[in-house]
Amino acid sequence: MSGASLIEVNQLKDLLDAKAPILLFDCRFDLVNSDAGYQSYLEGHIPSAIYVHSDKDLASAKNGKNGRHPLPSISEWEKTYANLGIAPNKQVVIYDNQGGMYAARLWWMLQATGHHQVSILNGGFDAWKGAQKPIDTIESISVEALKDRLEAQPDAGVLDVRKASENYS
């Protein structure tokens with residue numbers, strides 16, 4: 001699977017069932033309504049997928065001279081890369097609902113910065129749904145999103161409910 005540009009629905013399902021150490025990113029987006037992708041994600045996504053917003057996570061601020069979705073600076077990208085939990089040897093799988101158009105941006109950004117263990121789900125979310133694979137509505141969040149939510153609620157805490165026998169790396 002390492003290095004393959006495309007992954008099939010059944011291959012991804014097998015990896016998820018085996019609890020393989022992969023990162024799964026939902027890159028659904030709409031140029032007309034930039035919140036539509038996140039809303040679609042909340043309505044249903046592949047289990048364990050983290051939403052990646054094309055404007056907020058994969059682009060820098062517009063200044064009127066740098067295009068509609070300017071690439072982030074290297075330092076901005078390094079921060080996003082880390083906040084999403086991506087590590088050099090971590091397998092990444094990406095999908096969208098626009099024929100790979102938005103997933104390809106994250107794929108390219110990862111490839112361009114030396115992360116080659118990345119694949120796009122062939123057929124995207126539509127192929128996953130069409131194969132009648134499970135859909136989840138529970139939000140999986142990135143490290144940055146978790147930090148933001150905890151900072152917004154200073155009395156909140158984190159309780160680790162994993163079993164002591166479970167191996168987490």
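Reader: Let's start with a charge and a ring: which ring does the charged end of Arg28 sit over?

Author: Keep in mind that this is a predicted model. To count as sitting over a ring, CZ of Arg has to be within 6 Å of the ring centre. The charged end of Arg28 comes to 4.1 Å from a ring centre, and that ring belongs to Phe125.

Reader: Okay, now zoom out for me. How many helices and strands are in the chain?

Author: Reading along the sequence, you get the pattern β-α-β-α-β-α-β-α-β-α-α. Tally that up and the chain has six helices and five strands.

Reader: And how much of the chain is buried?

Author: A residue is called buried when its relative accessible area is under 20%. The chain has 169 residues, and the buried share of them is 33%.

Reader: Which residues touch the most other members of the largest nonpolar core?

Author: That core holds 35 residues. Several elements give two or more residues to this core, including α1 (9-17), β2 (22-26) and α4 (103-112). As for touching the most other members, the names are Leu12, Phe25, Leu106 and Leu110.

Reader: Pick Leu12, then. What does Leu12 touch, leaving out residues up to four places away in sequence?

Author: Leu12 is among the core residues that touch the most other members. With residues up to four places away in sequence not counted, its partners are Ile7, Ile22, Leu24, Ile46, Val93, Leu121 and Trp128.

Reader: I see some aromatic rings side by side. How is the pair of Tyr38 and Tyr51 arranged?

Author: The count of aromatic pairs comes to six, and Tyr38 with Tyr51 is one of them, at 5.5 Å centre to centre. Planes under 30 degrees apart would be stacked and planes over 60 edge-to-face, with the rest called tilted. Here the angle between the planes is 55 degrees, so the pair is tilted.

Reader: Why does that pair tie together separate parts of the sequence?

Author: Tyr38 lies in helix α2 (residues 36-43), while Tyr51 lies in strand β3. The pair therefore ties together parts whose separation in sequence is 13 residues.

Reader: Over to Pro47: how far is Pro47 from Thr137 in space, C-alpha to C-alpha?

Author: Pro47 has its place in the loop between α2 and β3, and its 24% relative accessibility makes it partly exposed. In sequence, Pro47 and Thr137 are 90 residues apart. In space, C-alpha to C-alpha, the distance is 8.0 Å.

Reader: Last one: which residues in α3 are buried, and what follows α3?

Author: The buried ones in α3 are Trp77, Thr80, Tyr81 and Asn83. After α3 comes a residue with a positive phi, near 85 degrees, and that residue is Gly85.

Definitions and conventions:
Residues are numbered from 1 along each chain as its sequence is written. This is a predicted model: local features need pLDDT of at least 70, side-chain atom pairs count only at pLDDT 80 or more; totals for chains, interfaces and linings use all residues. Side-chain values use heavy atoms; hydrogens and water are left out. A nonpolar core is a set of buried Ala, Val, Leu, Ile, Met, Phe, Trp, Tyr and Cys residues joined through side-chain atoms within 4.5 Å. Buried means under 20% relative accessible area, exposed over 50%, partly exposed in between (1.4 Å probe, protein chains only). Helices (H or I, at least four residues) and strands (E, at least two) are DSSP runs, numbered from the N terminus. Contact means heavy atoms within 4.5 Å. Rings of Phe, Tyr and Trp (its six-membered ring) pair if their centres lie within 6.5 Å; planes under 30 degrees apart count as stacked, over 60 as edge-to-face and the rest as tilted. A charge sits over a ring if NZ of Lys or CZ of Arg is within 6 Å of the ring centre and within 35 degrees of the ring normal.
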